[in-house]
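Please look over the sequence and the model, then read on.

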Amino acid sequence: MPDTTCHMSISLDGFVAGPDQSREHPLGKRGQELHGWHIGDPRATEADRVATEWLMRPRGAYVMGRNMFGPIRGDWDEEWTGWWGPEPPYHAPVFVLTHHERDPIRMAGGTTFHFVTGGFDAAYSAACRAAGEKGVDIAGGASTVRQALIAGVIDEFTLDIAPVLLGSGERLFDGVESFGFAPVEVLHSPLTTHIRYRRVS
């Protein structure tokens with residue numbers, strides 16, 4: 001089967017988003033500090049460019065949590081279509097975990113958001129069917145990645161470790177009892193250490 005990938009930026013103390021995520025702070029307070037390597041910090045280097053290519057490589061389908069899709073909680077009481085404007089960067093089916101049903105949203109550029117109420121396994125199975133030979137990416141956030149790690153479906157896992165302490169927020173590895181990956185490539189810049197892992201067990 002094609003690889004299932006996941007690529008996450010993380011603080012030294014294990015958070016992938018800061019506290020108090022909201023419409024004004026989609027990554028939580030100070031969460032953007034984890035992402036300077038690919039969103040325009042002038043200190044970015046060739047290593048960051050290569051890691052950005054890892055992050056943006058096309059995949060056949062994506063799985064994400066509702067918190068990553070947007071700030072709305074509970075019933076869908078407004079026509080929210082994601083953080084990314086009229087043409088999201090995915091250009092493929094995206095399966096969003098939610099407890100509240102919603103019709104699919106078709107966006108420019110080939111992205112369609114599908115809303116899955118049957119849990120992670122149902123969303124991942126649907127993504128695998130949709131992706132075919134192009135593979136699936138677990139796009140985030142923390143809870144969805146934890147579920148993927150516990151389910152053992154990730155083949156390649158990339159962490160961008162920023163020299164930042166957030167203190168609180170969305171912690172990535174809570175409840176994950178083992179890490180069956182080995183590093184296969186390491187790049188670094190003043191902003192981040194990029195470690196690409198492959199599953200070994």
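## Salt bridges

D3, R57, E156, E185, R196 and R198 are joined to one another in a network of salt bridges, a salt bridge being a side-chain nitrogen of Lys or Arg within 4 Å of a carboxyl oxygen of Asp or Glu. The structure has 14 salt bridges in total. Side chains of opposite charge can pair when their charged atoms come close.

Among the other salt bridges, R30 pairs with E33 at 2.9 Å from N to O. Another links K29 to D20 at 3.5 Å, N to O, and in a further one the closest N and O atoms of R171 and D174 are 3.7 Å apart. Accessibility is described here in three classes: buried is under 20% relative accessible area, exposed is over 50%, and partly exposed lies in between, with a 1.4 Å probe and protein chains only. R30 is partly exposed at 41%, and E33 is partly exposed at 40%. K29 is partly exposed at 42%, whereas D20 is exposed at 51%. R171 has a relative accessibility of 33% and is partly exposed; D174, at 45%, is partly exposed.

## Basis of the model

The model is predicted: local features need pLDDT of at least 70, side-chain atom pairs count only at pLDDT 80 or more, and totals for chains, interfaces and linings use all residues. Residues are numbered from 1 along each chain as its sequence is written, and side-chain values use heavy atoms, with hydrogens and water left out.

Nine strands make up an open sheet of mixed pairing, in the order 5-6-4-3-7-1-8-11-10. Its edge strands are strand 5 (105-106) and strand 10, each of which pairs on one side only. Helices (H or I, at least four residues) and strands (E, at least two) are DSSP runs numbered from the N terminus, and two strands pair if DSSP finds at least two bridges between them.

Strand 1 (residues 4-11) and strand 8 (residues 156-162) run parallel and are joined by seven bridges. Within this pair, H7 stands opposite T158 of strand 8.

## Helices on the sheet

Helix 3 (residues 120-131) packs on the sheet and touches strand 1, strand 3 (61-65), strand 4 (93-97), strand 6 (112-116) and strand 7 (136-140). The direction of helix 3 makes about 160° with that of strand 3. Such angles run from 0 to 180 degrees between N-to-C directions, the axes being lines fitted to C-alpha atoms, for helices over the stretch in contact.

Helix 4 lies across strands that include strand 1, strand 8 and strand 10, and runs at about 135° to strand 7. In helix 4 (residues 142-151), the buried residues include A142, V145, R146 and L149. Just after helix 4, G152 takes a positive phi of about 75°.

## A buried loop residue

T192 is placed in the loop between strand 10 (181-188) and strand 11 (193-199). T192 is buried, with a relative accessible area of 2%. Leaving aside residues up to four places away in sequence, T192 touches W37, D48, D160, I161, A162, P163 and L187, where contact means heavy atoms within 4.5 Å.
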